[in-house]
Amino acid sequence: MSSPAKAMASRVADIVGAANFTDDPRELATYVVDGVQPNAAARPGTAAEVAELVKLATAEKLAVIPMGARTKLGLGMPPARYDLAIDMTRLDKVISYDPGDLTVSVEAGIPLAKLAATLAEHKQFLPLAVPFYERATIGGTLASGVDSPLRQAYGTARDFVLGMEFVTGDGAPAKSGGRVVKNVSGYDLHKLMLGAIGSLGVMTRVNFKTFPLPAQTRAWLAGFSRAEDAFLFALNVRKSALAPQTVEVFDQQGMEILSLGLSLAQSEWSVAISAAGNERVVERSAGELEAMARGANAAAFDALDGAATSTLMTAIREFPALAAKKFTDSVIAKVTTLPTHMAETVQSLRNIAAERGLAFATIARGVGVICFALLPAERDATVMTRLAQCAKEILDATEKNHNRSTIWCSPLELKREINVWGEASGDLGLMQRVKQAFDPHNILAPGRFVGGL
Amino acid sequence: MERHLLNELERFLGKDAVLSQPEDLLLYEYDGSVEIARPQCIVFPRTADDVARIVRLANRYKVPIVGRGAGTGLSGGALAREGGVIVSFARMNQILEIDAENQRAVVQPGVVNSDLNAAVASAGLHFAPDPSSQKACTIGGNVSENAGGPHTLAYGVTTNHILGLEMVMPTGELARIGGKAVDAPGYDLCGLFVGSEGTLALVTEVTVRLARLPEAVKTLLAIYDRVDGATETVVEITARGITPAACEMLDGWTLRAVEAWVHAGFPLDSAAVLLIEVDGMREAVEQHAKDISEVCTMHGAREVRVARDAAERDLLWKGRKNAFGAVGRLSPTYYVQDGVIPRTKLPQTLREIERIGKENGFVIGNIFHAGDGNLHPIILFDARDAKQFERAVSTADAIIRFCIEMGGTITGEHGVGMEKDRLMPLLFSEVDLALMRRVRDAFNPAGLLNPGKIFPTGKGCGEVRIRPMPQRGAGNSALASGRDFA
């Protein structure tokens, strides 16, 4: 290491303490983002330390990437520069919890599972059923913008994050929103931080609205031989008087990835529905769902017991993680469309994969979010070329049916050939202005986000 | 105003789309707040292109521009604080698309909230935000102010229902963000622009999410002899994890004022009533209604009435939604606050508001969204007495300061506008405000779009301008009809 770098390292260590600093290459290997290894990693213990670190980075023009449990670092494009990893996992506390108000305020590095345990003591929860759940942190979950099957009933994080504290690219500790459930004071800057993969600021504290845990949750699986029937059933369930918590459609390969260990009849297409509430709500849902499924030509209809429901819900939550684990070079695309266009969109995605002879699996949320995984059985140059071609085609087929596509996960080589965010859209100019206001020196995760931001 | 600018506006919009006579300007100098500010002209574009041309002209002449829907806002958001051109969206009032299958609608900003609701009701859908002014207020105004309403307790406020916007930027270019499908890649610009109080862009088209109308609705009226009983009920309903569709409270003074006018059936001798609505699946509604009744009784409700039919339900809601008109009959002026507190702090906060009122010699009525802790204390005063006005403002500030002490905020749904800008430093640090200013300047660099809003201007409260009140009985319809408390 050069002597200026050494001097820098000692200043970083001064801020967080030697025990929470590393420039040991072996340790730094665990902080690699898309092949780029930083020169140092720091684990701040307070929001003030985070601000100090970013201030130092601003002064020295160091590029920083904030991170939590490092479960989704493959999101986005490779960083243009990357000097310092800010590991947020020591900021892992519940700051305040007012169960009677159904609000909670936490440090950004708190693991989802730890927060869930606190909330469960008061029969409450956050509807963030996201992949890598057992390890993921609040900050990483929000920054990555991953969604949850529960969004059918509860919406996404933007609907229940009440306020936030964060450090902007000039090292200033700022905040927006508040701790109460209704608030229109000032701009909702915290919404910009969601899904921004750390390119606008480092979240240090997040305030949430919490929700009561339902008395009972049950799931049902309906099997179909035709995609049209499965998607129509999903659409009709969402339009009915029932209040489903999740509505997910998957193909046979998707079902296999879920490897449920549930002895269910295999169908070409399956629709998983869950409902929650009192016994009568669940009972009525069971009856009406079965009638609707049969009316939509379902070949099979299974009611799951409590344990099977929870197995299925966990598997659905983890789908992208399971696919990536089973097929190391898998490419996973997130394609959004209108609910009425899902059958058609899924069919065209499957055609793209089939034409290149690639295996695939699909899981589609009723709200119009399709997770489409390309699953290469082996790794060679031909396969990589085909993967790249498929990914390109998926990204290009966006304008039709209001579709928007991004590649959520892919082997690093592919990112040299494609932009995982797809073609920049017309609002990129507005996004650049936001980036400039938050991170004027372009030191926060530079180059990783949409349009090279 | 420069005659040249007026001429140019008239030339491309037509003479009937530009107002500049003094008697016209008078009608646009107020909104639903206590503020006044007179514009120099009002224009009525019909297309986004018209709006863009207006903005470019205003830029050329360096004149402020302020967007305006129906002018029902409660914080001065649609007032031309520094003069200039008011862009009224009254003629951009078309519903462009209703996509019932996907539960979406695309509308122009001037569409009236209840007109959209009427248009989608036959498909079993509704646009959930329901400010009390919904018979007049527009979707564009709802978007700018991130409007709330009684039923946002369960359904969420406007920002939770907006998927896409077409906007004319302050520099005159047209921009589109979001769309009919969810999760557009990139920053959540819709999340930023909704609720930006007309300071970042003029919205020319809105894509909204529609919600299914519930299959069952039950409306309960719980009647109390003690205010504490009502507030404690709300605390317990929340703590039990029951989320009603709406949970509104009227204290004794307010319900008597309302009853005298609306005859909704509120008992005159009670100290407070709760108007609670549950909706959803029949089975859930029945259980929630039963649980809520139990909680009400446990906390001393002397009676819990359930509306027997739609007519009874409508009457109860008429009492709630017309409350402000009723108050207007009793006092020459009133000042409504919009603070929010954690629901667990309701009982002590209501007691403190009463104490502050007594200390300052004011009657303070309370009618508010109890379920989400969004208070609307109404301070009655006479604006013709300058001392009284000053005291009313300082009383309001004392209430807001208490809300902040409780962990709350200065505005839950009315917006900051030109009324609460001076309170912003109580919530936000210089650093927070500087970042918000940088964001504003990033889009509104010349500061011509809706200047003097949200950010503290450094003016003391003594400089808050207030609408001069006519003598009673002079028929100031502006006050009676223009102010609907959300």
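Helices (H or I, at least four residues) and strands (E, at least two) are taken here as DSSP runs, numbered from the N terminus. Two strands count as paired if DSSP finds at least two bridges between them. The model is a predicted one, in which local features need pLDDT of at least 70 and side-chain atom pairs count only at pLDDT 80 or more, while totals for chains, interfaces and linings use all residues. Residues are numbered from 1 along each chain as its sequence is written, and chains are lettered from A, with ligands numbered from 1, in the order in which they are written.

An automatic or database assignment supplies the domain bounds, and chain A is divided into domain 1 (3–87), domain 2 (94–212), domain 3 (217–316) and domain 4 (319–416). Between domain 2 and domain 4 of chain A, the C-alpha centres are 29 Å apart. Contact here requires that the C-beta atoms of two residues, placed from the backbone, lie within 7 Å. By that criterion, 6 residues of domain 2 of chain A touch 7 residues of domain 4 of chain A. The side contributed by domain 2 of chain A consists of 3 nonpolar, 1 polar and 2 charged residues, where Ala, Val, Leu, Ile, Met, Phe, Trp, Tyr, Cys and Pro count as nonpolar, Asp, Glu, Lys and Arg as charged, and the others, Gly among them, as polar.

Turning to the strands, chain A has an open sheet of 4 strands in the order 1-2-4-3, with mixed pairing. Its edges are strand 1 (21–22) and strand 3 (64–67) of chain A, each pairing on one side only. Strand 3 of chain A runs parallel to strand 4 (residues 84–87) of chain A, with 4 bridges between the two, and A:P66 has A:I86 as its bridge partner in strand 4 of chain A.

Helix 3 (residues 47–60) of chain A lies across strand 2 (40–42), strand 3 and strand 4 of chain A, at about 170 degrees to strand 4 of chain A. Axes are lines fitted to C-alpha atoms, for helices over the stretch in contact, and angles run from 0 to 180 degrees between N-to-C directions. Buried residues of this helix include A:V50, A:L53, A:V54 and A:A57; a residue is buried if 20 or more other C-beta atoms lie within 10 Å of its own, exposed if 12 or fewer, and partly exposed in between, with C-beta atoms placed from the backbone. After helix 3 of chain A comes A:K61, with a positive phi near 55 degrees.

Strand 6 (residues 103–107) of chain A has 5 of its 5 residues buried: A:T103, A:S105 and A:E107 on one side, A:V104 and A:V106 on the other. Strand 5 (residues 94–98) of chain A pairs with strand 6 of chain A in the antiparallel sense over 4 bridges, and A:D98 stands opposite A:T103. The hairpin of these two strands has 4 residues between them, and A:L102 takes a positive phi near 55 degrees. Strand 6 of chain A also pairs with strand 10 (residues 201–209) of chain A, antiparallel over 5 bridges, where A:V106 is partnered by A:V206.

In chain B, strand 3 (residues 65–68) runs parallel to strand 4 (residues 85–88), joined by 4 bridges.
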